[in-house]
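I opened this entry to keep track of what I looked up, item by item.

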Amino acid sequence: MSKSAPAKPKLTLGRKKSPSEQARKSQISYTNTVKPRGKSNRPQHAKPKESGPTQVYVFNKPYMVLTQFTDADNRETLKDYIKVPDIYAAGRLDRDSEGLLLLTNNGRLQAKLTQPGEKTEKTYWVQVEGEPSPEKLSDLRYGIVLKDGPTLPAKVEIMTEPAVWPRVPPIRERQSIPTTWLSITIVEGRNRQVRRMTAHIGHPTLRLIRYRIGPWTLDNIQPGELVESSINMMN
């Protein structure tokens, strides 16, 4: 499989940088690592309380974890990993998707990160079935028409396979059909949008990892790990 001008993935699984090293590199300093498997009695959907200084946490959501704190069917949720009180997800990430989820205690920041008019960039690493042609990638870059209307232009590049954690269970691959990794950046947040975009051009998504939201990234954060960020977009 040939790939032209592959984008170099940034996520590494080596040793974690110290807070000072990480702050110099990506302007994020992690001041608190939260242990998994905490308990919470908070409601499933709620807005953060406007009290105290703004807190922002970066969470690497594992595969098949719901982005809510309760579930009537006893499936895995955020409460199984997060025990920090009074923080809530800024946006959602599908249960079958992985990667970056932001949580905050600031309702205005939550709205800023999720409102379409703010056009906050979100970058996804997407493994698709087959090898998209340059013409199909151009379609995504210019915008395509889905059932709920046309998409805004996206940034789309073929990338080398990122050095990420193995998914459990692994994706189902067919020996006769290769796969391709794409870096896709959008400013919208429609339901399952990236999956619908790749399906529209004939290359279904096999694995989807959200790598970046605005200035926050997954660099050096393991699945199920929650870290506090010093970035405050409300300043």
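I was working with a predicted model. I began with the largest pocket, whose volume comes out at about 600 Å³. I then looked up its lining: of 30 residues, Arg92, Tyr124, Gly189, Arg190 and Arg210 are the closest to the centre. By type, I noted 11 nonpolar, 9 polar and 10 charged residues in the lining. I also checked which elements contribute: α2 (107–114), β5 (122–129), α4 (193–200) and β10 (205–213) supply at least two lining residues each.

**Strand β5.** I found 7 of its 8 residues buried, so β5 is largely enclosed by the rest of the structure. I looked up its pairing partners. Strand β9 (residues 179–186) runs antiparallel to β5, joined to it by 8 bridges; here Tyr124 stands opposite Ile184. The pairing of β5 with β10 is also antiparallel, over 7 bridges, and I noted Thr123 opposite Arg212 there.

**Ser183.** I picked this residue in strand β9.

**Salt bridges.** My search of the whole structure gave 15 salt bridges. I followed Asp148 first. Its salt bridge with Arg190 has closest N and O atoms 2.8 Å apart. This pair links distant parts of the chain, 42 residues apart: Arg190 is in the loop between β9 and α4, and Asp148 in the loop between β6 (145–146) and β7 (149–150). Asp148 also meets Arg196 in a salt bridge, at 2.9 Å from N to O. Arg196 lies in helix α4 and Asp148 in the β6–β7 loop, so this pair ties together parts 48 residues apart in sequence. I recorded Asp148 as partly exposed, with a relative accessible area of 43%, and Arg196 as partly exposed at 27%.

I then checked Lys112 and Glu118, which form a salt bridge with closest N and O atoms 3.7 Å apart. Lys112 is partly exposed at 26% relative accessibility, and Glu118 is partly exposed at 38%. Last, I noted a salt-bridge network that links Asp94, Asp96, Arg192 and Arg195.

Key
Residues are numbered from 1 along each chain as its sequence is written. This is a predicted model: local features need pLDDT of at least 70, side-chain atom pairs count only at pLDDT 80 or more; totals for chains, interfaces and linings use all residues. Side-chain values use heavy atoms; hydrogens and water are left out. On a 1 Å grid over the protein atoms alone, a cavity is a set of points where a 1.4 Å probe fits but cannot get out, and a pocket is an open set with protein on both sides within 12 Å along at least five of seven lines; lining residues have an atom within 4 Å of a point. Grid points are joined across faces, edges and corners, and a volume is the space filled by probe spheres set on the points. Helices (H or I, at least four residues) and strands (E, at least two) are DSSP runs, numbered from the N terminus. Ala, Val, Leu, Ile, Met, Phe, Trp, Tyr, Cys and Pro count as nonpolar, Asp, Glu, Lys and Arg as charged, and the others, Gly among them, as polar. Buried means under 20% relative accessible area, exposed over 50%, partly exposed in between (1.4 Å probe, protein chains only). Two strands pair if DSSP finds at least two bridges between them. A salt bridge is a side-chain nitrogen of Lys or Arg within 4 Å of a carboxyl oxygen of Asp or Glu.
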